[in-house]
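I opened this notebook to keep track of what I looked up in the structure, entry by entry. The sequence and the model come first, and my notes come after them.

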Amino acid sequence: MLTKFEVLETLVTSGALLIARLDSADEAYRVAEAAIEGGIRAVEVPLTVPGALGVIGRLTDKYGEQGIVIGAGTVLDAEAAFAAISAGARLLVSPQLNPRMIATGNRYQAVTASGAFTPTEVVNTLEAGADIVKLFPAELGGPGYVKTILAPLPQAPIMPSGGVTPENVSAWFAAGVTAVGVGSFVTKAAQGNGDYELVTKAARTFLDAINAARG
């Protein structure tokens with residue numbers, strides 16, 4: 001099982017968290033597999049996916065000993081946090097602040113990424129003990145908003161979620177983000193034709209863009 005330090009190191013080093021928000025458990029699993037083949041090192045399976053806990057368990061069984069971070073998303077409360085951790089999740093992601101969710105993650109040494117948007121929400125999230133501030137919805141502010149937030153709060157480890165693409169990822173990292181969440185660019189690459197090799201290629205393209213952005 002990955003330690004909390006190892007999870008954070010993997011997420012920060014790779015710079016990307018795949019958000020596998022899809023319509024079925026099978027599709028989420030297959031997209032995650034294909035993305036991992038393309039180099040993705042951290043995957044979030046939102047609990048809104050039907051059978052999400054089962055997907056988390058399957059991915060953990062297959063990749064947990066390979067240094068791949070498997071996490072749960074849309075973790076709204078302590079009960080969901082415990083269920084996700086019990087299924088194998090080492091990362092808990094939420095769109096909003098719930099201190100009990102964060103406390104549960106800390107109790108079992110799972111990394112928590114908790115949602116915030118305003119400066120007050122960012123500070124409250126840090127004070128609650130979250131490891132990462134998930135900027136959500138990120139597309140409403142953009143990289144310029146992150147730069148503005150980090151001016152008075154340079155200590156905040158921010159991860160935007162929503163609207164991040166290979167074309168704009170360099171602007172996000174230039175603004176000072178710690179990592180980025182990626183969804184549709186990778187997860188929807190095979191929709192319509194079932195060719196999951198396209199997901200693998202999209203993952204590689206996205207990671208190449210991150211590496212270029214970081215210089």
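**Entry 1: the model**

I am working from a predicted model, and local features are noted where pLDDT is at least 70.

**Entry 2: helices α1 and α10**

I began with how packed helices are described in general: by the angle between their axes and the distance between the axes. For helix α1, residues 4–14, and helix α10, residues 197–214, I found that the axes come within 10 Å and cross at roughly 80°. That makes α1 roughly perpendicular to α10, because angles of 65 to 115 degrees count as such. Which residues of α1 and α10 meet? On the α1 side I listed V12, T13 and S14, and on the α10 side L207, I210 and R214. Sorted by class, this contact of α1 with α10 has three nonpolar, two polar and one charged residues.

**Entry 3: helices α3 and α4**

I then turned to helix α3, residues 52–63, which packs with α4 at an angle of about 35°, the axes being 8 Å apart. From α3 the contact is made by L53, I56, G57 and T60, and from α4 by A83, A84 and A87. I noted the classes here too: the contact of α3 with α4 has five nonpolar, two polar and no charged residues.

**Entry 4: the largest pocket**

How many residues line the largest pocket, and which of them lie nearest its centre? I counted 21 lining residues in the record of this pocket, and I19, S161, G162, G183 and S184 lie nearest the centre. The volume of the largest pocket is about 360 Å³. Two elements give two or more residues to its lining, namely β8 (180–182) and α9 (184–187), and the largest share, three residues, comes from α9. By class, the lining of the largest pocket divides into six nonpolar, ten polar and five charged residues.

**Entry 5: P46 in strand β2**

I looked next at P46, which lies in strand β2. Is P46 buried or exposed? P46 is buried, because its relative accessible area is 0% and buried means under 20%. Setting aside neighbours within four places in sequence, I found P46 in contact with I19, A20, R21, A52, G73 and T74. I also noted that P46 and V75, 29 residues apart in sequence, are 7.7 Å apart in space from C-alpha to C-alpha.

E33 is partly exposed, with a relative accessible area of 24%, whereas I36 is buried, at 12%. Leaving aside neighbours within four places in sequence, E33 is in contact with K62 and Y63, while I36 touches V43, Y63 and I68. The C-alpha atoms of E33 and A72, which are 39 residues apart along the chain, are separated by 16 Å. I36 and L18 are 18 residues apart in sequence and, C-alpha to C-alpha, 9.2 Å apart in space.

I found G39 in the loop between α2 (25–37) and β2 (42–46), where it is partly exposed, with a relative accessible area of 32%. G39 and S14 are 25 residues apart in sequence, and their C-alpha atoms are 8.9 Å apart in space.

**Entry 6: backbone angles**

I reminded myself that most residues other than glycine have a negative phi, and that most peptide bonds are trans. Where does T74 lie? T74 is in the loop between β3 (69–73) and α4 (78–87), and its phi is near 55°, a positive value in a residue other than glycine. T74 counts as buried, at 18% relative accessibility.

Q109, also not a glycine, has a positive phi of about 55°. I placed Q109 in the loop between α5 (99–107) and β5 (111–116), where it is partly exposed, with a relative accessible area of 40%.

P137 itself is found in the loop between β6 (132–135) and α7 (142–150).

Methods:
Residues numbered from 1 in each chain as written. Predicted model: local features only at pLDDT ≥ 70, side-chain atom pairs only at ≥ 80, totals over all residues. Heavy atoms only, no water. Axes fitted to C-alpha atoms, helices over the stretch in contact; angles between N-to-C directions. Helix = DSSP H or I, 4+ residues; strand = E, 2+ residues; numbered from the N terminus. Parallel < 35°, antiparallel > 145°, perpendicular 65-115°, else oblique. Contact = heavy atoms within 4.5 Å. Nonpolar A, V, L, I, M, F, W, Y, C, P; charged D, E, K, R; others polar. 1 Å grid on protein atoms, 1.4 Å probe; cavity = no way out; pocket = protein on both sides within 12 Å on 5 of 7 lines; lining within 4 Å. Points joined across faces, edges and corners; volume = space filled by probe spheres on them. Buried < 20%, exposed > 50% of the residue type's maximum accessible area, 1.4 Å probe, protein only.
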